[in-house]
Amino acid sequence: MDILWLLVPLSVLIALGIGIVFVWSARSGQFDDLEGPAHRMMMDDDRAPMKAPERDSTDP
């Protein structure tokens with residue numbers, strides 16, 4: 001039980017450190033996607049896909 005006096009504060013410090021790093025990276029623009037919308041626009045296909053011509057069952 002004595003180890004809890006070390007592990008609980010240590011885990012709280014690690015969680016706070018991770019939270020601070022996440023907030024810093026989000027505010028500094030690390031998660032901004034500047035190229036994604038441009039790539040999605042180029043890959044947008046407004047036309048319907050072409051269907052293959054149907055074949056008669058009498059054709060050999």
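So, how many aromatic pairs does the count come to by the ring rule? Before I answer: this is a predicted model, where local features need pLDDT of at least 70, side-chain atom pairs count only at pLDDT 80 or more, and totals for chains, interfaces and linings use all residues. Residues are numbered from 1 along each chain as its sequence is written, and side-chain values use heavy atoms, with hydrogens and water left out.

Okay, the count is one aromatic pair. The rule takes rings of Phe, Tyr and Trp (its six-membered ring) with centres within 6.5 Å; planes under 30 degrees apart are stacked, over 60 edge-to-face, and the rest tilted. Ours is Phe 22 with Phe 31, tilted, at 5.8 Å centre to centre and 40° between the planes. Both of them are exposed, meaning over 50% relative accessible area; buried is under 20%, partly exposed in between, with a 1.4 Å probe and protein chains only.

Now the fold. The protein chain has two helices and zero strands, taken as DSSP runs (H or I, at least four residues; E, at least two) numbered from the N terminus. Just after H1, Gly 29 has a positive phi of about 90°.

Last, Ser 25, in H1. Ser 25 counts as buried because its relative accessibility is 9%. Across the 60 residues of the chain, 3% count as buried.
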